[in-house]
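Student: Could you take me closely through one part of this complex, the place where the two chains meet, and say how far the prediction can be trusted there?

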Amino acid sequence: MIGEFEYLLLAATRRLSDDAYGASIANEIESTTGRRCSLGALYTTLDRLESKGLIKTTMGDPTPERGGRAKRMVKLTAAGKRAAAEFYTAITTVTEGIAWSGSL
Amino acid sequence: MVWKSLELLSQLLEPTERQSVLGDIEERGPSFRDLLDLIGLVARRQFQTFTSWKMWLAAITLSLPVLAITNSSRAIADTLSYYPWPDLSQLSRPEFAWMIAESALATLALTWSTGYALATIARHRSLAVTALLALGPIAYLCMPLLQTTAPHHSSTSIRTLAFMLWAVTPGLLGMRRGWLGAPLTRRNALILAAACVPFAFLLPNSPYWSGRILSVLAFWPAYYAMGFSIKGAPSHA
């Protein structure tokens, strides 16, 4: 099964759809979780997910706001969607009936 | 300052990754934390390179010509120190002329082509890692080369000078050419390979070397340069 950060990355990729690339994924994770997303961790996780066949990355076109540098575009594969769904199911199942708020 | 450091550090990444990482940082606005992140990413990438068997194979393969070069430059240093160098009149001595014609030229050719092969192989990876792997054995072997007293009382300065002239400078020039991805002309590549041939005869006679097959294998970088002169070096991304 995938890890928490891998899941966050897959979920952000799914949400961003065609606009998913390094910086946009990092921004998405930061805005939804409130935690800082390190580019180092992001890139090594992208590599790991790609080697597992859960995502596919390609080099996009260069843009002026990036100093003419290309983006590494990220696409979710069918296996990636299945892995994310399994993780989500496992988390919701194991959490069922548990109330975290107010408990120690 | 931060951006300059980021640009410099990113040179250790592969070209495509460098482009996407620097682009992402520029888009998000560079900060000191990004510099720390990049150091972490570079460290991970360097570690990954060390875990690849291909890199170790390359290092072992490169160690052959490196050993041959070290061995040869030591022999040159010993011969040079035997004469009251620099005394140009010694050039007329047959032993000295023979040494210059064969050993020194072969060493120059092999050092240049080793640097060339090393940089060409490393262009799409991290030059620093490959260079470190290849320079590791050189540094190790340099110690006795520069310090031991030979039968001819060759001094440390003569050995250092010989090593700089025959092993370091041409190697760096070859690396520069290889890094630019400029293949040699077929004629020059052939001359380079031919200049290395004396190694096959000289090295087995050396007290620090054994085996004729190893001697032939040691000058594979010259064949490599010849291969690229025919095929053409891969384009730089």
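Tutor: A definition comes first: pLDDT is the predictor's confidence in each residue, on a scale from 0 to 100. The model is a predicted one, and for the complex the predictor gives an ipTM of 0.87 together with a pTM of 0.59. Chain B has an average pLDDT of 73, with 63% of its residues scoring at least 70. Within chain B, confidence is highest in α2(B), at 90, and lowest in helix α6 (residues 127-147), where the mean is 58. Over residues 233-237 of chain B the pLDDT falls below 50, although this stretch has ten contacts in the model beyond near neighbours in sequence. Where pLDDT is low, the predicted coordinates should not be read in detail.

Turning to the contact itself, chain A contributes 16 residues and chain B contributes 17 residues. On the side of chain A that touches chain B, α2 (22-33), α3 (39-51) and β2 (69-76) each supply at least two residues. That side, sorted by class, holds six nonpolar, five polar and five charged residues.

From α2(A) come A:Gly22, A:Ala23 and A:Ala26, which meet B:Ser20, B:Asp24, B:Glu27 and B:Arg28 in α2(B). By class, this pairing of α2(A) with α2(B) has two nonpolar, two polar and three charged residues.

The other pair is α3(A) with helix α3 (residues 32-50) of chain B, packed at an angle of about 35° with axes 7 Å apart. Here A:Leu39, A:Gly40, A:Tyr43 and A:Thr44 of α3(A) make the contact with B:Asp34, B:Asp37, B:Leu38, B:Gly40, B:Leu41 and B:Arg44 of α3(B). The classes in the contact of α3(A) with α3(B) are four nonpolar, three polar and three charged residues.

As for α3(A) taken on its own, this helix has 13 residues and reaches 18 Å from its first C-alpha to its last, close to the 18 Å expected at 1.5 Å a residue. Its buried residues are A:Leu39, A:Gly40, A:Leu42, A:Tyr43, A:Thr45, A:Leu46 and A:Leu49. An α-helix has 3.6 residues a turn, so residues three or four places apart point the same way. Just after α3(A), A:Gly53 adopts a positive phi of about 80°.

Technical notes:
Residues are numbered from 1 along each chain as its sequence is written. Chains are lettered from A and ligands numbered from 1 in the order in which they are written. This is a predicted model: local features need pLDDT of at least 70, side-chain atom pairs count only at pLDDT 80 or more; totals for chains, interfaces and linings use all residues. Two residues are in contact if their C-beta atoms, placed from the backbone, lie within 7 Å. Helices (H or I, at least four residues) and strands (E, at least two) are DSSP runs, numbered from the N terminus. Ala, Val, Leu, Ile, Met, Phe, Trp, Tyr, Cys and Pro count as nonpolar, Asp, Glu, Lys and Arg as charged, and the others, Gly among them, as polar. The expected span of a helix is 1.5 Å times one less than its number of residues. A residue is buried if 20 or more other C-beta atoms lie within 10 Å of its own, exposed if 12 or fewer, and partly exposed in between; C-beta atoms are placed from the backbone. Axes are lines fitted to C-alpha atoms, for helices over the stretch in contact, and angles run from 0 to 180 degrees between N-to-C directions.
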